[in-house]
Amino acid sequence: MKLNRQLILLFLILVSPVFVLNLYANNQAESILKRHVTNAYMELNKQNHLLINRDIDTVNRVMSTIIVNPNVQQLQAGAEDVYDRLKVYETADKLLPTFTMGTSGGDSIAYYLYVYDPLQKYSFAPQTSSKFRNGGVFFYSDLNKPSWTDEAISRKGRGFLRIIDGIGTGRSQTLAYIRAVNSTISGKLIVGVLVASNMDKKIEQSLNSVSLPDNGEMFLTDYDNTILASTVHDSMGEKLDLPPSMVVGTKNENTTDDIYKDYIYVQHADYEIKQKLVYRISAASMLRQQSEVKHAIQLISVAYSLFAIIVMAYFWRSLLFPLQKLAGFARVYEPGRKVPTEVIDRNDEVGVLIHSVYNMARRLNVLIQEQYVLDIKQKEAQLQLLYQQINPHLLYNTLESIYWKSTLEGNSDSAEMIKELSKLMRISLSRGRELITLQEELEHATAYTLLQQKRYEYEFQVHWETDEEALTSLIPKISLQPLIENAIIHGVRNMGEDGVIVVRMLRQEDEVVVQVEDNGYKPIDHEALNRMIREPRLEDRSGYGVHNVHERIQLHFGEVYGIQYSMPQGGGTLVTIHLPFRLQEEKPNAADAGIS
C-alpha cells in the first residue's frame with residue numbers, strides 16, 4: 001500500500017475511535033453519572049445514619065437516668081401500706097413527663113414505664129392511655145402484658161426500635177424505643193419496661209435535614225425491610241421493595257448501592273442494631289446532566305476531528321512529498337549507479353534520513369568494490385586452509401601404514417608404539433570437533449599413557465575407574481593428557497613400581513567429575529596451582545597446558561566449571577575436573593563428508 005493511502009488510513013484510524021467513544025460515552029454517561037452521584041450519597045447516607053443513631057443514643061441516656069431514679073426502683077418493691085405505694089406511684093408518674101422532648105412536628109417524645117405487677121398491688125392506677133399523653137406509669141400482669149415486653153426483657157437492658165400501638169398520642173401506631181428496666185439492687189430482678197414513643201417523628205426530623213434531588217425519599221428500616229420511619233407520609237410499618245443485590249451482611253457496618261426499577265438506591269446497614277437507612281432517588285433526575293455531558297463529548301469529537309485534519313494536511317506536505325521522492329530513488333537505484341548530489345536543506349529527521357540514504361548509497365558503491373577484493377582473498381585463504389588440512393590426515397594414514405609394516409616384520413614393540421601414536425593423532429583430529437565424548441578422551445589418554453610407559457620404560461601403575469553413564473558426556477578434547485603428563489613428570493616418574501596414578505570418571509546427577517590422582521612424594525603448593533590456572537596468562541603459550549584446558553572448559557560450559565587442585569588423603573596430588581553432563585550432538589562436517 002502506498003504511503004499516501006497509509007496516511008489516509010491512519011487518519012481514519014485516529015478519528016474513528018473518537019466517534020466510537022462518542023457513541024459509547026452517550027450510552028454510558030447515564031450510568032457513570034449515577035455512579036458518581038451514588039458515591040456522594042453513600043457518604044451522606046452514612047453520616048445521616050450516624051446522626052440518627054446519636055438521637056437514639058440521647059433517648060437511651062435519658063432512659064438510663066430514669067432507670068436509676070430511686071422512685072422508679074421502688075415501684076417493684078411494692079410497699080405493704082397502700083398509702084406508701086400510692087405516694088411512690090404518684091412521684092414516678094410525675095417524674096416521667098419531666099423528661100418529655102419536643103420535636104419540630106409538634107409531637108413530643110414521651111416516656112412510659114410499664115411495671116410488672118402480677119399481684120395487683122397497684123390496682124388503683126389508671127389503665128387507659130388517654131391520661132398518659134406526656135408520659136406516665138402503667139402496671140401490667142401476665143394476663144394483659146404487651147407483646148413486646150418479653151423481647152425487651154430478653155435483650156437484657158439493650159434498647160431497640162419497634163412499631164407499637166399508639167400511647168397517649170391519638171395515633172394508631174407509633175415508633176417506640178423500648179428498653180427493659182433492671183433492678184439496681186438485684187440484677188436478676190426486672191422492674192418493668194421503659195418505652196419512648198413518637199421516635200418516628202424524631203427520626204423524620206433528622207431525615208428532613210438532608211436534601212435529596214427531585215424529592216428523593218429516605219427510609220429507616222429494620223433487617224426485614226419494615227419501614228420504621230421515612231419521609232413518605234403514612235408509610236410506617238410497610239415493606240420496602242429493595243434491589244435483590246442489597247442483601248445485608250453480618251459485618252458491623254456496610255454501605256451498598258444499586259440501580260433498580262428506575263431508582264438509585266443507597267443503603268447503610270448497621271448489623272449491631274439491625275437497622276438500615278435507605279435513600280431512593282429517581283434516576284430521571286440524572287438525565288439533564290447526561291444531556292450536558294453528551295453535548296460536551298460531541299463538541300470535543302468535532303474539535304478533535306478538525307485538529308486531526310489540520311495535522312494530517314501538515315504532515316502530507318512536509319513528510320509525504322520528500323519521502324515519495326526518496327522512495328522513487330530507492331526503487332530505481334542499482335549498486336554502482338550514480339547518486340544525486342543535490343543539497344538537502346532540512347535539519348529534521350526527514351532531512352537526516354534522505355541525507356543518510358544518499359550517503360549509504362555512495363558507501364555501498366565503495367563497499368562493492370572492496371567486497372570484490374575481499375572475496376578473492378577469502379577464497380585464496382580457504383584454499384590454503386584445505387592444503388594445510390591434508391598434512392595431519394596424511395601423517396595419520398602414513399602412521400597406520402608404518403604400524404602394519406612393523407607388525408609384519410615382527411617388531412611388535414615399535415608397532416604398538418606406532419599404533420598408540422596413531423590413536424593420538426586420530427583422536428586429536430576428531431573430525432574437526434572441539435568437544436568429544438569421555439569414551440574417546442579415555443582412548444586418547446590410554447594411548448598416551450601406554451606410549452609413555454613403553455617409550456621411557458616407566459614402571460608406575462595406572463588404574464582406570466570409569467562410570468558407564470559418564471562416558472557418553474562431552475569434554476573438550478585433549479583435556480586428560482596434560483593432567484596425566486603432569487602426574488607422571490611431577491609425581492610418579494622416579495617412584496618405580498610404587499608410583500600409582502588413578503583416573504576416575506563419575507557421573508553425579510547433572511554433573512560429571514573427572515579426577516587424576518597420583519601418590520607423588522614431592523611437596524606441592526596446591527593453592528598456588530589453583531591461583532595460577534585462574535589468573536590471566538601474561539603471554540601466549542603453545543601446546544595444551546593445564547591453564548589452556550581450564551580456559552577451554554570455561555569457554556564451553558561456563559565459569560562454574562573447570563579444574564581444581566587439592567591434596568588427597570595419604571599425600572600426592574588430586575586434580576578434579578567439573579563438567580556438566582551433556583550428550584553428543586552430531587554435526588555434519590568435512591570429515592563426515594569423506595575427507596580422510
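Strands S10 (residues 253-260) and S11 (residues 263-270) run antiparallel and are joined by eight bridges; strands count as paired if DSSP finds at least two bridges between them. Helices (H or I, at least four residues) and strands (E, at least two) are DSSP runs, numbered from the N terminus. Across this pairing, glutamate 253 stands opposite aspartate 270 in S11. Two residues lie between the strands of this hairpin, where lysine 261 takes a positive phi near 55°.

The model is a predicted one, in which local features need pLDDT of at least 70 and side-chain atom pairs count only at pLDDT 80 or more, while totals for chains, interfaces and linings use all residues. Residues are numbered from 1 along each chain as its sequence is written, and side-chain values use heavy atoms, with hydrogens and water left out.

Turning to the aromatic rings, 11 pairs are counted. Rings of Phe, Tyr and Trp (its six-membered ring) pair if their centres lie within 6.5 Å, and planes under 30 degrees apart count as stacked, over 60 as edge-to-face and the rest as tilted. Tyrosine 89 and phenylalanine 124 form an edge-to-face pair, because their ring centres are 6.0 Å apart and their planes stand at 70°. This pair links distant parts of the chain, 35 residues apart: tyrosine 89 belongs to helix H3 (residues 82-95), and phenylalanine 124 to the loop between strand S3 (111-116) and strand S4 (136-140). Tyrosine 89 is buried at 6% relative accessibility, whereas phenylalanine 124 is partly exposed at 32%; buried means under 20% relative accessible area, exposed over 50%, and partly exposed in between (1.4 Å probe, protein chains only). Ring pairs also join Tyr89, Tyr122, Phe124 and Phe139 into a cluster.
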